[in-house]
Structures are given as C-alpha cells and as structure tokens.
Amino acid sequence: MGQRWSPSILLALGRGVERFGEIVAMTAGLSARMLTVRLKQLEAARLVERIVIPTTPVTVRYRLTAQGLDLIDALHAVAGYVQRWEVDDPGAQTTDLPSV
C-alpha cells in the first residue's frame, strides 16, 4: 500500500475503472510495466481481484475486493488532506494521488 502508484490505482478502481488500459489512461505518468508490478502486489495483498474472462482474445478485468473497498474511504480522506495542505512550492515533493 505504501508503494508509489498504489493509491492512484486503487482510487481508479474505486471509480469503476476495470481494464488495464483504462487504469493507465486515468493515472498520468504510470507506465504499463509499473502497473503490472503494482497490480500483482495489490492482488497479493488481497486488495485487488483479477478476473479472466475466457473470450477471444482473453479479457482481463480488475476490481477491488471487500478489503480494497474498505480502504477507499481512507484514501479519499488522505487525498483531501493533501489537496487542502499542498504547498505551492515548486521545490516541494508532489504526490501521485489524483484529485477526488
């Protein structure tokens, strides 16, 4: 959960995004390779479920587990805090949390 991009991925899934390409498009700066790594980690942490639909070609969808859904409220609170207290300092570190 503490890895870069994980909160952004979870928030995208919380907004109803299900497909790999949609997650990449919704999370500016996230590469496909990094998304693959993070999705595997989130799946191992039981926050995300990978669903394979046997079509031609195979369709893969991702969704939050009950545990992942429970975490979304906390992520929204953190994102709101960051937005309220973010300093307009060009030298300050930025966050990868999208706006809520």
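## Overall make-up

This is a predicted model, and its chain holds 4 helices and 2 strands, which follow one another from the N terminus in the order α-α-α-β-β-α. Of the 100 residues in the chain, 31% are buried, while the chain exposes about 6,500 Å², with carbon and sulfur atoms supplying 54% of that area.

Among the contacts between residues at least 6 apart in sequence, 45% join residues that lie at least 24 apart.

## Helix H1 against helix H3

Helix H1 and helix H3, the latter spanning residues 32-44, have axes that come within 10 Å and cross at roughly 75 degrees; H1 is therefore roughly perpendicular to H3. On the H1 side, Ser 6, Ile 9 and Leu 10 take part, and they meet Leu 35, Arg 38, Leu 39 and Leu 42 of H3. Sorted by class, this contact of H1 with H3 comprises 5 nonpolar, 1 polar and 1 charged residues.

## Helix H1 against helix H4

Helix H1 (residues 6-14) also packs with helix H4 (residues 66-85), at an angle of about 115 degrees and with the axes 10 Å apart, and the crossing in which H1 passes H4 is left-handed. Here Pro 7, Leu 10, Leu 11 and Gly 14 of H1 meet Leu 71, Ile 72, Leu 75 and His 76 of H4, and by class the contact of H1 with H4 has 6 nonpolar and 2 polar residues, with no charged ones.

Leu 10 of H1 is listed in the contact with H3 and also in the contact with H4.

How values were computed
Residues numbered from 1 in each chain as written. Predicted model: local features only at pLDDT ≥ 70, side-chain atom pairs only at ≥ 80, totals over all residues. Heavy atoms only, no water. Axes fitted to C-alpha atoms, helices over the stretch in contact; angles between N-to-C directions. Left-handed = near helix turned anticlockwise from the far one by under 90°. Contact = heavy atoms within 4.5 Å. Nonpolar A, V, L, I, M, F, W, Y, C, P; charged D, E, K, R; others polar. Buried < 20%, exposed > 50% of the residue type's maximum accessible area, 1.4 Å probe, protein only. Areas by Shrake-Rupley, 256 points an atom, 1.4 Å probe, with all protein chains shown as cover. Parallel < 35°, antiparallel > 145°, perpendicular 65-115°, else oblique.
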